[in-house]
Amino acid sequence: MVLISDLFWAYLIAITLLTITPGVDTLLVMRNTGRGGLRDGCVTSVGICSGLFIHATLSALGISLLLVETAWAFSALKWAGACYLVWLGIGSLRQALKRGEQPSTRAVAVSRQHVPMQASFREGLLSNVLNPKTALFYMALLPQFVDPASNAFQQSLMLAGVHFLLAMLWQCGLAWMVVSFRSLGVNARLKRVLNGLTGGFFVAMGAKLAST
């Protein structure tokens with residue numbers, strides 16, 4: 001076995017706690033589920049979790065360390081992530097400011113079918129890849145659970161695969177819960193409030209990221 005058993009279980013505990021901690025990924029999945037239904041939320045989760053393999057690869061190749069050590073490269077990544085979060089936030093705020101009659105259940109179902117899967121995937125992927133905190137986490141955490149006597153690249157991808165499965169289960173579960181609550185009936189005013197809170201959080205996170 002490539003991974004040392006004790007290291008693997010320690011990683012599993014650490015990554016589970018990280019996964020269930022609310023953050024940008026959680027809100028993005030919930031927002032997109034409210035926008036386009038269960039498929040939209042789950043495809044967004046696939047995009048988010050696919051980004052983990054990119055971070056694992058960069059960490060194994062040492063590029064993450066280079067980004068941290070090179071001030072301008074890390075600043076560029078940080079600003080790109082900040083701008084993307086603000087862009088997502090503005091999108092949610094625009095939805096919150098829209099007024100009009102609440103669409104019927106049938107109309108909502110039709111509108112959900114028109115949410116492009118590639119758009120959901122892209123939003124999730126960019127949210128993860130452009131998050132410097134995720135890059136820092138993978139750079140700092142993954143080496144602690146890699147056996148130096150074995151292939152570091154294979155181990156990094158295997159650990160990212162474990163994180164992928166856990167995050168998919170958690171985020172798709174959240175998407176299912178959002179759909180279940182929607183089926184109980186959510187009026188337009190509450191939907192605008194939720195979009196406003198989500199948009200405000202994204203903009204605030206982007207501003208905080210840019211200022212640090």
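**Notebook: helix packing and cores**

I began with Asn32, which sits in helix 2; helices here are DSSP runs of H or I with at least four residues, numbered from the N terminus. This is a predicted model, where local features need pLDDT of at least 70 and side-chain atom pairs count only at pLDDT 80 or more, while totals for chains, interfaces and linings use all residues. Residues are numbered from 1 along each chain as its sequence is written, and side-chain values use heavy atoms, with hydrogens and water left out.

**Entry 1: Asn32**

Is Asn32 buried or exposed? I found that Asn32 counts as buried because its relative accessibility is 0% (buried means under 20% relative accessible area, with a 1.4 Å probe and protein chains only). I then looked up its contacts, meaning heavy atoms within 4.5 Å. Setting aside neighbours within four places in sequence, Asn32 touches Gly37, Asp40, Gly41, Thr44 and Glu123.

**Entry 2: helix 2 with helix 3**

Next I looked at how helix 2 (residues 24-36) packs on helix 3: the angle is about 150° and the axes are 6 Å apart. Axes are lines fitted to C-alpha atoms over the stretch in contact, and angles run from 0 to 180 degrees between N-to-C directions. The two helices are therefore roughly antiparallel, a label for angles over 145 degrees. Asn32 turns up again in this contact, where helix 2 also gives Asp25, Leu28, Val29, Thr33, Arg35 and Gly36, and helix 3 gives Leu38, Asp40, Gly41, Thr44, Ser45 and Ile48. I noted four nonpolar, six polar and three charged residues. Ala, Val, Leu, Ile, Met, Phe, Trp, Tyr, Cys and Pro count as nonpolar, Asp, Glu, Lys and Arg as charged, and the others as polar.

**Entry 3: helix 3 with helix 8**

I followed helix 3 (residues 38-61) to helix 8 (residues 132-141), where the axes come within 9 Å and cross at roughly 50°. Leu52, His55, Ala56 and Ser59 of helix 3 meet Thr134, Ala135, Tyr138 and Met139 of helix 8. Five of these residues are nonpolar, three are polar and none is charged.

**Entry 4: the cores**

Which residues have the most contacts inside the largest nonpolar core? I found Tyr11, Tyr138, Leu142 and Leu159, in a core of 19 residues. Such a core is a set of buried Ala, Val, Leu, Ile, Met, Phe, Trp, Tyr and Cys residues joined through side-chain atoms within 4.5 Å. Helix 1 (5-20), helix 3, helix 8 and helix 9 (152-183) each give two or more residues, and helix 9 gives the largest share, six. A second, separate core has 10 residues, including Val29, Ile48, Leu85 and Leu88.

Terms used. Buried < 20%, exposed > 50% of the residue type's maximum accessible area, 1.4 Å probe, protein only. Parallel < 35°, antiparallel > 145°, perpendicular 65-115°, else oblique.
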